[in-house]
Amino acid sequence: MYEEEKIEGTAEVEVEAEVETLEDIALVCRTCGKDFTFTVGEQLFYKEKGFKNQPKDCKACRDAKKNGGQAPVERQYFIATCADCGGEAKLTFQPSSDRPVYCSACFEARRSKK
Ligand SMILES: [Zn+2]
Ligand SMILES: [Zn+2]
């Protein structure tokens, strides 16, 4: 006796999407704790740059870090006369009259002499 086996098979055609569907990702900034969106545009940018990780900070915090973490502080300089060469000495501190001040070149020269 011969039994015919009926093989039931459904030929499923798997359609694999070639194009990745990207969506905005909601993330929480580790610096300020605020929610921020890792947008599709940014994801593409990251991909292009080869970054594998998602950003850990929101854009504002990332921008702040790019700028050294804080707003650039303008340095104040005091102009004095170099006690050695008589040239202009740029100081980062207020020169006191009882101490000789030197320009950076003379200062370096004096320091390396010792
Ligand atoms: Zn932030
Ligand atoms: Zn000098």
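Author: pLDDT is the predictor's confidence in each residue, from 0 to 100. This model is predicted. The mean pLDDT of the protein chain is 83, and 76% of its residues reach 70 or more.

Reader: In which elements is confidence lowest and highest?

Author: Helix α2, residues 59-66, is lowest, with a mean of 87. Strand β1, residues 25-28, is highest, at 96.

Reader: What makes up the pattern of the protein chain?

Author: There are three helices and four strands. Along the sequence they come in the order β-β-α-α-β-β-α.

Reader: What makes β1 and β2 a hairpin, and which turn residue has a positive phi?

Author: Six residues lie between the two strands of this hairpin. In the turn, G33 has a positive phi of about 75 degrees.

Reader: How do you know that β3 and β4 pair?

Author: Use the cut-off again: at least two bridges. Strand β3 (residues 78-81) and strand β4 (residues 88-91) are joined by four bridges, so they pair. They run antiparallel. Partners include I79 with K90, and T81 with E88.

Reader: Why is L44 called exposed?

Author: L44 has 12 C-beta neighbours inside 10 Å, so L44 counts as exposed. Its place is in helix α1. L44 and L22 are 22 residues apart in sequence, yet 8.6 Å apart in space, C-alpha to C-alpha.

Reader: Why is helix α1 said to lie largely in the open?

Author: Buried means 20 or more other C-beta atoms within 10 Å. Helix α1, residues 40-49, has ten residues, and the number buried is zero, so the helix lies largely in the open. Just after α1, G50 takes a positive phi of about 85 degrees.

Reader: Why is P100 called partly exposed?

Author: P100 has 14 other C-beta atoms within 10 Å, so P100 is partly exposed. P100 is found in the loop between β4 and α3 (104-113). P100 and C82 are 18 residues apart in sequence and 7.5 Å apart in space, C-alpha to C-alpha.

Reader: What share of the protein chain is buried?

Author: Buried residues make up 4% of the 114 residues.

Reader: What share of the contacts joins residues at least 24 apart?

Author: Take contacts between residues at least 6 apart in sequence. Of these, 20% join residues at least 24 apart.

Notes. Residues numbered from 1 in each chain as written. Chains lettered and ligands numbered in written order. Predicted model: local features only at pLDDT ≥ 70, side-chain atom pairs only at ≥ 80, totals over all residues. Contact = placed C-beta atoms within 7 Å.
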